Amino acid sequence: METQLDPMKDDLPLMANTSYMLVKHYVLDLDVDFKRKVIEGSIVLFFETGSQYSKTSSTGKECCQSQFDETCKMRASEPCHIPVINLSTCSSKPEYNDFAVSGKEEEATSDENSNHSNNEQASGISSSKDCCDIENHGNKDFLLVLDCCDLSVLKVEEVDVSAVSGIEKFTRSAKQAGVSKEPQNLRNQIIHELVTLPADRWKEQQYYFTHCSQAPGCGDLLFTTGTWSLEIRKSGIQTPAGFPHAIRIWYKTKPEGRSVAWTTDQSGRPCVYTMGSPINNRALFPCQEPPIALATWQASVRTAAGFVVLMSGENSAEPVQLPEGILSWYYYVSMPMPASTFTIAVGCWQEVKQQSFKQTAAIETNTELSLPSSQADCRWHEEICGHVEYPCRFQNAAARLQAVIPHRVFAPLCLTESCEEYLLRLIPQCLSAAYATLGTHPFSRLDVLIVPSNFSSLGMA
């Protein structure tokens, strides 16, 4: 039986095998349905081979790490149910039905579906014997493990990034590197070129991430879900280097999922928001949680008109009107961060504004709330960044003197007047005090949301 954990007391299991495959970028495409209390859609993950595989492949040696010994202990000894879905390999949106195939039905359907053509595959990938298949000992498929909980995974497929218009610039680089003409190797090399673009080309990088995420699928992948993990493999692929480096996962959350809270705001209107605890974002999307797993992301979220989507992002999103009264919101992040810092809040929020105060605040920001330039210059001349490469604000002279970053305030309708009277004046002072103590704010903007009174977690960071 699986080890039962209490998230309020026990450490969460880190199932993802990041030493062999490391997510560098997520692209989420989601719909929020308040009637069914689900968030559904797809997520595309872009990978690089991890440091452990690079090390072992260069020396020609493979070994089991203690990290995966622990994974073996956490892995279920009983087979997990595998959703068997007769879907074509194109990237058309699947029907969102729950599949739970077990017993004789599972055996019968596995013979009918090409993705589950033998008993070993149909019975689930869960035994301790299979644990070391992660590292590949020459006779088993490589197993990609993601951190996941309380999700209904419907389909997993490889993405044909080579079909994207304009991607030829990356295929030329692949040919110059002497990459095999095999389609799989070419697609993986394209992803390698894309995720390793220098930071000053981040806009171009996001452009191609977007278009690659919309590329058609080119083959379904085998998968099984456990209590704490999603395990994916491609038949015949025995190494991380040969495994698809861009995969699309179709899924939906569960109403009882522990990463999101479906509730009402102080005005009695429906809303949903992420809870940073107890299991981070594992019930919001499949991800990697070990500390080494820092990634960027983009997200498009659709919901009914009248709702506002707020999300951790570097841009102040404005909704795009779609047919049938649907609004689409888009956010992005160019700083690599843990997946647990991805946040979302959807509700009938009202932006709190006060024009006269904004003019006053602008004057204060340039005088009383700013550090003297001599102090700021003295402090930052000594600052040296040691983080991974990304478009860093710390190197921007204007950002270094910005005591109060651009910010928006959102609240339920019944609290907008109180926020206008009290909160709008307080926030610039708080931001300025934080700047005086901690220095340049790492992000270019901030959204402040008055959350429902039943919010039982830390801030949504």
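Strands here are DSSP runs of E of at least two residues, numbered from the N terminus. The model is predicted.

**Exercise 1.** State which strand holds M337, and decide whether M337 is buried or exposed.

Solution. 
Step 1. M337 belongs to strand β14.
Step 2. Buried means under 20% relative accessible area.
Step 3. The relative accessible area of M337 is 11%, so M337 is buried.
Step 4. Leaving aside neighbours within four places in sequence, the contacts of M337 are A293, L294, A295, W297 and F443.
Step 5. From M337 to T296 the C-alpha to C-alpha distance is 6.4 Å, although 41 residues separate them in sequence.

**Exercise 2.** Describe the largest nonpolar core and the surroundings of Y26.

Solution. 
Step 1. The largest nonpolar core contains 67 residues.
Step 2. Y26, I232, I247, I249 and F285 have the most contacts inside this core.
Step 3. At least three of the core's residues come from each of domain 1 (12-54 + 139-351) and domain 2 (393-449).
Step 4. Another core, of 18 residues, lies apart from this one and includes V195, F209, C212 and A246.
Step 5. Residues up to four places away in sequence are not counted for Y26; among those Y26 touches are I43, V44, L45, F285, W297 and A339.

Definitions and conventions
Residues numbered from 1 in each chain as written. Predicted model: local features only at pLDDT ≥ 70, side-chain atom pairs only at ≥ 80, totals over all residues. Heavy atoms only, no water. Core = buried A, V, L, I, M, F, W, Y, C linked by side-chain atoms within 4.5 Å. Buried < 20%, exposed > 50% of the residue type's maximum accessible area, 1.4 Å probe, protein only. Domains from an automatic or database assignment. Contact = heavy atoms within 4.5 Å. Helix = DSSP H or I, 4+ residues; strand = E, 2+ residues; numbered from the N terminus.
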